[in-house]
Amino acid sequence: MTSQNLEDIKHVINGDYIVIPIETGYIKPNDSLDSIINPARELMIDGDYLVIAETPISVSQNRLIDEAGYNPSLTAKFLTVVWSKYLWGYVFGPILGIKKRTIKNLRKLPKETEAHKQVVLELYGLKHALKPASEAGIDLSNAPGTCVSLLPDNPERVAKEIKEEIGKDVCVMIIDTDATYMKNGKYFTGLPIAIEGIDADNGFFGYVKGQLSENMGSTPLGCSEKMDVETALKIANIAEDYQKSLSTEMKTIHSVKEVLGSEFDEVTIEDLDSITHTPAVIIRKTAPRFS
């Protein structure tokens, strides 16, 4: 594909970059990633970036956990009701100036969140369970029923495999919307994993420190190439900007009903498959212009 026929393809311009969405149905557990790879192979040219959201990768790997099978302990109940809902929703959150949307969501945490906290405690430990929301990158909003999806297994390996299948000189990156922060020139995140150059697995402590640092945007989890953190963050955030523009974005459990018309714990695979998903975007640097 050349720039001459770009006008025939859905795209947007973001500064010096062209963003080409890859639209699919819902990628189900144990599905291949062909619905992403095949159009990417057709549309991409050398030098392009393919940025993929973490959840479709995780779901395809069947990294789903049914939270209905977890009985919340007293610790999980305390972390949900006292710690997250009240202390962070009404005290620490406003003091630290976290997003108003996050504060609003914390104040109306449903009882089902207690089982979610138990999952975090058992799989990732107290360090991550102390985080009031978005613990350990677990996604509650893009999975059926009472299931949640964990972060992908070995995203760097997956990115390299996808690049190999595309068969072009491109860069493949898998990202999470949870933030990377910067303080004193050093990058860090609360997430359990991130690319080289970003200090990961800081959990709650990274989150608190992050509120006193600069939020650098989405976190690159794995990349097919060695890349400096600044470039990786820039490309990740261009992809995230596009996702935020979509009417079907389900960033939290509270946006599920608005998009699908179902309560978050009643969503079926058919519901998820009823909307157009954009699990990946191609990002291309525009050609320099000379006057």
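This is a predicted model: local features need pLDDT of at least 70, side-chain atom pairs count only at pLDDT 80 or more; totals for chains, interfaces and linings use all residues.

Q: Okay, which residues have the most contacts inside the largest nonpolar core?
A: Those are Ile36, Leu50, Ile52, Ile162, Ile166 and Val172, in a core of 27 residues. Among the elements giving two or more residues to this core are helix 1 (34-43), strand 3 (49-53) and helix 7 (155-166).

Q: What is Leu50 in contact with, leaving aside its neighbours within four places in sequence?
A: Its contacts include Ile22, Ile36, Ile162, Val172 and Ile282.

Q: Switching topic: how many salt bridges does the structure hold?
A: There are 12. In one of them, Asp48 pairs with Arg284 at 2.7 Å, N to O. That pair links distant parts of the chain, 236 residues apart: Asp48 sits in the loop between helix 1 and strand 3, and Arg284 in strand 10.

Q: Is Asp48 buried or exposed?
A: Asp48 counts as buried because its relative accessible area is 2%, under the 20% cut-off. Arg284 is buried too, at 7%.

Q: And what does Asp178 form a salt bridge with?
A: With Lys131, the closest N and O atoms being 3.5 Å apart. Both Asp178 and Lys131 are buried.

Q: Where do Glu161 and Arg157 lie?
A: Both are in helix 7, four residues apart, or about one turn of the helix. Through shared partners, salt bridges join Asp153, Arg157 and Glu161 into one network.

Technical notes. Residues are numbered from 1 along each chain as its sequence is written. Side-chain values use heavy atoms; hydrogens and water are left out. A nonpolar core is a set of buried Ala, Val, Leu, Ile, Met, Phe, Trp, Tyr and Cys residues joined through side-chain atoms within 4.5 Å. Buried means under 20% relative accessible area, exposed over 50%, partly exposed in between (1.4 Å probe, protein chains only). Contact means heavy atoms within 4.5 Å. A salt bridge is a side-chain nitrogen of Lys or Arg within 4 Å of a carboxyl oxygen of Asp or Glu.
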